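Have a look at the structure first, then read on.

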Amino acid sequence: MYVLLLRKGDGMRFSVIMPVYNVERYLEASVNSVLNQTFTDFELILIDDASPDNCGEICDRLAERDKRVKVIHNTVNSGAGLSRNFGIEKAKGEYILFVDSDDTISTDALEILNDNADGFDITVFGLNRLFENKNEKIYKTEKLFHSPFISNSLKDSGQLLISLNQAGIFPFVWNKLYRRSFLRENGVLFENAKITEDCFFNLLLFQKTDKIKVISDCLYNYRKPARQTLTNSYSPEFLELSKRKFILEKELLENTGCCNEENLQFIYYVFIKHLISYFIRNRAKTAQLTPKQQKSFIKNALADNIVAEVLNNYKPNGLLTKVLTYILKSNKINLCYFTVYLITFLKK
């Protein structure tokens, strides 16, 4: 359930949708990065997701200051995905851009997107990944982008699954601009998942259009906190979500005529990385799993049909992936457990 506080107005070029939850120290900087755009024909929809801090009050104050800001107050916490759905429902812009409330966009982002959006259902752009230390100071910036490209067929769109993943920018929704009518025509919305909902959203959409443009400009600034690591990110549903992601990836490749051996090997490789990530996450302190329980999760995962399919069909190239695949296929649970322990230790 949510309460709507919106002003009436005509259609516009862009709707920027920003879910807001527990980010009071970053919120104004994020909002200002949108309000200070060189291109001004947009609305900014803030969805206060029943935030426990002062975000709701900050949203209202920002709306009073600038008529382009519109606020939705969720009465219960719904998660980023469902909050974005509320924003899509109320958006009036020709194109939709998603921004997370602890990140920022460059001041010319909308101007550049305005120059590139016409005629395309999805416009993909690059990002700056900002690495923070424990004092929240940026110590490294990494630019992630794909070379300029325009799809001319569904096969081109399907192949982008591979090349955008290789560039490190496929899963996210905040480095993509979506034509609003395209979203509504296809009825694609975000799922109610704590993680990977962005990726599911894109996997469904990329197989529905041959009108995708990629630009190399890095327009989004993604903040990566020091505390954000696999070793403290327990997620009991991660394996099931990874399996669903793999199924959707395979479906996209099949539906776009891109299901060749090379592409299959790539998504096999990605799935195995997720499988190892799942085992590492189970070692997090927040998981509170005993060694016996961790081994049980490893045993059950290796007995899964999709996991077995991937392990049996994957043909590793590098020495490390060959060793890891051999260990996983051996089905020796203690050896797998020790390997995960060793990887976790090396990561730390």
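1. The largest cavity is lined by Ile 276, Leu 324, Ile 327, Leu 328, Cys 336, Thr 339, Val 340 and Ile 343. A cavity here is a set of points on a 1 Å grid over the protein atoms alone where a 1.4 Å probe fits but cannot get out, and lining residues have an atom within 4 Å of a point.

2. A word on the basis: this is a predicted model, in which local features need pLDDT of at least 70 and side-chain atom pairs count only at pLDDT 80 or more, while totals for chains, interfaces and linings use all residues. Numbering runs from 1 along each chain as its sequence is written, and side-chain values use heavy atoms, with hydrogens and water left out.

3. Helix H12 (319-330) and helix H13 (333-347) each give at least two residues to the lining of the largest cavity, and H13 has the largest share, with four residues. Helices are DSSP runs (H or I, at least four residues), numbered from the N terminus.

4. The largest cavity holds about 50 Å³ of space, a volume being the space filled by probe spheres set on grid points joined across faces, edges and corners. Its lining has seven nonpolar residues, one polar and no charged ones. Ala, Val, Leu, Ile, Met, Phe, Trp, Tyr, Cys and Pro count as nonpolar, Asp, Glu, Lys and Arg as charged, and the others, Gly among them, as polar.

5. The second largest cavity has a volume of about 30 Å³. Phe 279, Asn 282, Arg 283, Gln 294, Ile 298, Tyr 337 and Val 340 form its lining. Helix H10 (291-302) and H13 each give two or more residues to that lining.

Key: 1 Å grid on protein atoms, 1.4 Å probe; cavity = no way out; pocket = protein on both sides within 12 Å on 5 of 7 lines; lining within 4 Å.
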